[in-house]
Amino acid sequence: MIKIKPLDAVVNLEVLTAVSARANQIVASVRANMLAPEARKIPPVFNSAQMAELMGLEKSAVLYQANKGDIPSGHRDGAIRREWSLVEARQAMRAFRKDTLRDPKKSAGVCITVANFKGGVGKTTTAVTLAQGLSRRGHKVLVVDCDPQGSMTTLFGVLPDTDVQEEQTILPLCAGETDSVMSAIRPTYWDGIDLIAAAPLLFNAEFLLPSRQKQERDFAFWRVLDSGLDEARAEYDVIIIDSPPSLGYITINALIAAQGIVMPLPPNALDFASSAQFWNLFTEVCGGLFQSRGDSKNFHFLDIVLSRVDRSDTVSEAVRQWIVAAYGANVLPIEIPKTSIAATASAEFGTIYDLPPSAAKSSTMKRARDAYDRLVEHIEHQIMSIWAGDISH
Ligand SMILES: Nc1ncnc2c1ncn2[C@@H]1O[C@H](COP(=O)(O)OP(=O)(O)O)[C@@H](O)[C@H]1O
Ligand SMILES: [Mg+2]
């Protein structure tokens, strides 16, 4: 007979503290190696084929414009090939696409929040890819990381635990110490994208906001980020907010601040059910808040984008039909395929727009790239429609 020994209750807080200290130490050293300051993120460069693709021109037309001086001429990589830095590529796009850019005299920046109840559905990846894609097309973008886990911050090469001070997050805004986000903004490795970072300390906002609501009579906790972004709306063409995987005080702020919502949704039953709960809760919560204040909120768009789609998975086809039945025209005809981006070591901390073209040659990678390009184009269209409305009113 097997003798079973009784278990001693030895997993006390001290043990857990020691485990946590060891784990944190390992995370810190892995990150320090992968993201040593000098090894931190490097912006992409563009060869003439990529410039042609970006600008929607023939290669010869790009070279013609560069020689004529209409766009930056780039620099020679060796004797023949010419290369453009991200800064130059963006300058070229701004010169080439003047008509599609925001006129700051007529329109304010558009704020878009990427949201979903669940973690791991592709929110952060979508938010960062959208920001990069829009900035590649010439727009000036502010990204706001509202998730205390700081994944978006990490994707920009900034370590939440060591590189982020409270003043560089939206926490002072939530605490009522400031009424604008402007002082929290920092530049990133990517020209045309500035960042408001997040770190675990941001979690305090989940206590500060309800506590202020109890104490201050006219306080509307749900409008804090919305009004805090006003100055940034004059400065930036697009503001992209990444939100935490929950419907707390921060997420409500992120949604109320937005004119458009993008919801990445993998076509599987649990994620679908969870998205239904999300809208249920959000409308209930907001309904209650607005009724008490005579407040209201309209969104210009809600776009559901199927994410992490595995084409070989037959179940997902049925779920896709539920999604279309539930969300109708809000479901974009764009599917982000499941890819092993993470297989490319550098991409563990990057997106498809960070990859060198040589890494994007496999067919799934190419499909993912095409899907993101189309998503960026679609969202740019939504943004331009909002600007068009500003002008006609
Ligand atoms: N299309 C995709 N295919 C495969 N893995 C993906 C894809 N999009 C995101 N991932 C991975 O899934 C994980 C969760 O993605 P993330 O964007 O952080 O989601 P969320 O912000 O919703 O938690 C990350 O490790 C990310 O690299
Ligand atoms: Mg995330």
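In what order do the strands of the open sheet of three strands stand? The order is β1-β3-β2, and the pairing is antiparallel. The legends below describe this sheet and other parts of the structure.

This is a predicted model, in which local features need pLDDT of at least 70 and side-chain atom pairs count only at pLDDT 80 or more, while totals for chains, interfaces and linings use all residues. Residues are numbered from 1 along each chain as its sequence is written, and chains are lettered from A and ligands numbered from 1 in the order in which they are written.

**View 1. The open sheet of three strands, with antiparallel pairing.** Strands (E, at least two residues) and helices (H or I, at least four residues) are DSSP runs, numbered from the N terminus. Two strands pair if DSSP finds at least two bridges between them. β1 (45-47) and β2 (75-77) are at the edges with a single partner strand each, so one side of each has no neighbour in the sheet. From one strand to the next, the twist averages 45°. Strand β3 (residues 81-85) is joined to β1 by three bridges, and the two run antiparallel. N47 has E83 of β3 as its bridge partner, and F46 stands opposite W84 in β3. Three bridges also join β2 to β3, again running antiparallel. On this side, H75 stands opposite E83.

**View 2. Helices α2 and α4.** The axes of α2 (residues 48-55) and α4 (residues 86-96) come within 11 Å and cross at roughly 35°. Axes are lines fitted to C-alpha atoms, for helices over the stretch in contact, and angles run from 0 to 180 degrees between N-to-C directions. The crossing is right-handed, a term used if the near helix is turned clockwise from the far one by less than a right angle, whereas anticlockwise is left-handed. M51, L54 and M55 of α2 make the contact with A89, A92, M93 and F96 of α4. Two residues are in contact if their C-beta atoms, placed from the backbone, lie within 7 Å. By class, this contact has seven nonpolar, no polar and no charged residues. Ala, Val, Leu, Ile, Met, Phe, Trp, Tyr, Cys and Pro count as nonpolar, Asp, Glu, Lys and Arg as charged, and the others, Gly among them, as polar.

**View 3. Helices α2 and α3.** Helix α3 (residues 59-68) packs against α2 at an angle of about 95°, and the axes are 8 Å apart. The two helices are therefore roughly perpendicular to each other, the word used for angles of 65 to 115 degrees; angles under 35 count as roughly parallel, over 145 as roughly antiparallel and the rest as oblique. S48, A49, M51, A52 and M55 of α2 meet K59, V62 and L63 of α3 in the contact. Six of the contact residues are nonpolar, one is polar and one is charged.

**View 4. The open sheet of eight strands, with mixed pairing.** The strand order is β6-β7-β5-β8-β4-β9-β10-β11. β6 (186-187) and β11 (331-337) are the edge strands, each pairing on one side only. Strand β9 (residues 260-265) pairs with β10 in the parallel sense over six bridges. The bridge partner of V262 in β10 is D303. Helix α14 (residues 315-327) packs on the sheet and touches β9, β10 and β11, its direction making about 175° with that of β10. α5 lies across β4 (110-114), β5 (141-145), β7 (193-196), β8 (238-242), β9 and β10, and runs at about 165° to β8.

**View 5. The residues around ligand 1.** Of the 15 residues around ligand 1, those that come nearest are G119, G122, K123, T124 and T125. A residue is near a molecule or strand if its C-beta atom, placed from the backbone, lies within 6 Å of it. α5 (123-136) and β10 (301-309) are the elements that give two or more residues to the shell. α5 gives the most, with three residues. By class, the shell has four nonpolar, eight polar and three charged residues.
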